[in-house]
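Hi everyone, and thanks for coming.

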Amino acid sequence: MTTLAHAMMTAARSADSGLAGPGELDRYPYAETSGADRLGASVWDTTDQDLGRVGRRTAGSRGRGLHGQLVQQLGQMIVSGDLGADRPLVPEEIGQRFEVSRTVVRESLRVLEAKGLVSARPNVGTRVRPVSDWNLLDPDIIEWRAFGPQRDSQRRELSELRWTIEPLAARLAAGHGRPEVQQRLTDMIEIMGHALAQGDALTFSRADAEFHSLLIQVAGNRMLEHLSGIVSAALQVSGGPVVGCDRPNEASLAHHARIADALAAGDASGAEAAMRQLLTVHPEVERVVPAPREH
């Protein structure tokens with residue numbers, strides 16, 4: 001095992017908030033802590049059921065401290081429908097119920113406004129916006145939808161989006177990768193292989209996310225590169241497997257190796273075909289996005 005593989009596997013097992021090291025594999029950490037453990041759910045035990053229901057499961061905050069936690073709490077409640085569209089959000093009420101300062105509430109609402117979840121207008125106040133206004137490509141919103149009532153729709157939509165992005169990225173990346181990038185892809189496959197042998201799904205998923213992110217980044221298309229975070233989020237959200245690389249197995253590993261080999265050989269058609277095979281390891285994918293017809 002390479003030094004890189006050993007370091008990554010050790011870090012993945014020991015860290016609960018992310019994986020440090022090359023490639024920033026901790027870009028999208030997901031903790032198992034529930035919302036009730038974060039901001040004191042007891043302050044939400046009120047007769048206002050619409051506002052009082054805390055999300056079933058709150059993901060690890062990418063921000064630190066109360067500000068990041070409040071963004072996660074309110075964001076998940078909005079996305080899950082516990083705070084419906086056009087619902088007024090009164091900063092003073094939020095501050096009292098979560099026992100946080102006015103500054104924390106104000107900054108949290110600004111973050112949610114940037115994500116399209118709320119709007120603030122003079123003489124109207126802050127209100128929850130309809131789904132049509134949300135930035136559905138935001139990694140936080142992808143995660144929150146995956147934990148809420150839209151879980152099935154979220155995974156289907158992510159699968160369809162990956163079918164659009166990744167085969168094309170693989171075709172474009174063929175022969176364009178620098179030697180160090182190609183080595184990095186090989187390292188990720190090695191890490192995935194060792195993780196699979198040890199039953200370490202966490203390390204496998206993080207190396208998998210890094211592999212797909214690298215592939216998109218070397219495609220030479222900056223607009224595709226901008227979408228690499230979406231693919232990472234898609235690989236990190238919880239739920240039943242929809243595509244092959246969601247589940248660590250020998251078939252998934254073999255398809256990753258075929259992709260890397262095709263990229264190194266400059267075989268654009270082979271890289272694209274191998275990516276499509278990876279994304280259709282599970283038959284349910286074909287019902288979502290059928291393979292292209294042969295003419």
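**A walk through the model**

Let me start at a loop: D86 sits in the loop between α3, residues 65–80, and β1. Please keep in mind that what you see is a predicted model. D86 has a positive phi of about 70 degrees, although it is not a glycine. For background, most residues other than glycine have a negative phi. We'll come across another case in a moment.

First, the overall picture. The chain has 14 helices and three strands. Of its 295 residues, 49% are buried. If you take the contacts with a separation of 6 or more, 70% of them are between residues 24 or more positions apart. The accessible surface of the chain is about 13900 Å², and carbon and sulfur atoms contribute 50% of that.

Now, the strands. In what order do the three strands of the open sheet lie? The order is β1-β3-β2, and the pairing is antiparallel. The edge strands are β1, residues 88–89, and β2, residues 118–121, each of which pairs on one side only. As a reminder, strands of a sheet pair through backbone hydrogen bonds. Between β2 and β3, which covers residues 125–128, there are four bridges, in the antiparallel sense. If you'd like a spot to look at, find A120, which stands opposite T126 in β3.

β2 and β3 also form a hairpin, with three residues between them. Here is the other case I promised: N123, in the turn of that hairpin, has a positive phi of about 65 degrees, and N123 is not a glycine either. Is N123 buried or exposed? N123 counts as exposed, because its relative accessibility is 86%, and the cut-off for exposed is over 50%.

Next, a helix that goes with the sheet. Helix α5, residues 102–114, lies across β1, β2 and β3. The angle between α5 and β2 is about 115 degrees.

My last stop is A274, in helix α13, which spans residues 268–278. A274 counts as buried because its relative accessibility is 4%, where buried means under 20%. Which residues does A274 touch, leaving aside those up to four places away in sequence? They are H255, R258 and I259. A274 and A260 are 14 residues apart in sequence, and their C-alpha atoms are 9.3 Å apart in space.

Terms used. Residues numbered from 1 in each chain as written. Predicted model: local features only at pLDDT ≥ 70, side-chain atom pairs only at ≥ 80, totals over all residues. Heavy atoms only, no water. Pairing = 2+ DSSP bridges. Helix = DSSP H or I, 4+ residues; strand = E, 2+ residues; numbered from the N terminus. Contact = heavy atoms within 4.5 Å. Axes fitted to C-alpha atoms, helices over the stretch in contact; angles between N-to-C directions. Buried < 20%, exposed > 50% of the residue type's maximum accessible area, 1.4 Å probe, protein only. Areas by Shrake-Rupley, 256 points an atom, 1.4 Å probe, with all protein chains shown as cover.
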